[in-house]
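Dear colleague,

Please find below the structure that I am handing over to you.

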Amino acid sequence: MSEPVTPATEPPGLSDCAEIFYAPSAVFERRQQGQWGLPYLVLVVVGVAIHFATRNLMQPIIDAAVNRQMAAAAAKQHISVDQMPGIGMVHFLANAGLVLYFVVAPFVIALVIWIVGKIARVPNIGTTALAIAVFSLFPRLIGMLLGGIEAAVMSDTALSSPAALTFSPARFVDPSRTALIQFLSRFDIFILWSVVLTAIGVRRAARGTSGQAWSVAIVLWVVGSL
């Protein structure tokens, strides 16, 4: 049986946004009432700041990846890349993707956590799903920052695709093998870290059992992979 919801000894605060990296259980114990607003604001602000700080370093890599995919699509339609409809919009979305990700992703992830948690009968999932989702994305900030540092120090020939900046097996795969890269990218250290945080959040904040917690976290990872 799951443990009853009990109030945390310390109130949640801004320090939780740092503590989530080294004491996540304590953070989620304080988030049993689902307070997610301030951590969400920190996630978006820091994510956007890192994006703009590293944009010039990442831009050539993103453009190369988009051009490669558009060229492959154009070849199938027997037209030139310039004739592809919506190519300007594709480049815009690729550039704005990380900003939109931190704004929208917590709500999408929370929805999946809530649905799976309800199916698994996690007691307090309705109150805590958004808090769990927000905090589970904090490792991505470190991944972005380290990716920008890598882009600054690596040679242009080594930066063949955005996957080359991930901390996953995908960085060693030929950039033309898109499907394989997308799958292997899900084994990125920071994505797996997010999976662990999700499990801890379901266990501590939502008061689920260990089995329920890992079931929710693994299903979320599988949904993201699909």
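Of the 226 residues in the protein chain, 43% are buried (under 20% relative accessible area, with a 1.4 Å probe and protein chains only). This is a predicted model, in which local features need pLDDT of at least 70 and side-chain atom pairs count only at pLDDT 80 or more, while totals for chains, interfaces and linings use all residues. Residues are numbered from 1 along each chain as its sequence is written, and side-chain values use heavy atoms, with hydrogens and water left out.

The protein chain holds nine helices and zero strands (DSSP runs numbered from the N terminus, H or I of at least four residues for helices, E of at least two for strands).

Helix 6 (residues 138-153) and helix 8 (residues 189-204) have axes that come within 8 Å and cross at roughly 170 degrees; the axes are lines fitted to C-alpha atoms over the stretch in contact, with angles from 0 to 180 degrees between N-to-C directions. The two helices are therefore roughly antiparallel (an angle over 145 degrees). In this contact (heavy atoms within 4.5 Å), helix 6 contributes Pro139, Arg140, Ile142, Gly143 and Leu146, and helix 8 contributes Phe190, Ile191, Trp193, Ser194 and Leu197.

In helix 9, the buried residues are Gln212, Ala213, Val216, Ala217, Leu220 and Trp221. They lie on the same side of helix 9, because they cover an arc of only 165 degrees around the axis, taken from the directions from the helix axis to the C-beta atoms.

Yours sincerely

Definitions and conventions. Angles under 35 degrees count as roughly parallel, over 145 as roughly antiparallel, 65 to 115 as roughly perpendicular and the rest as oblique. Buried means under 20% relative accessible area, exposed over 50%, partly exposed in between (1.4 Å probe, protein chains only).
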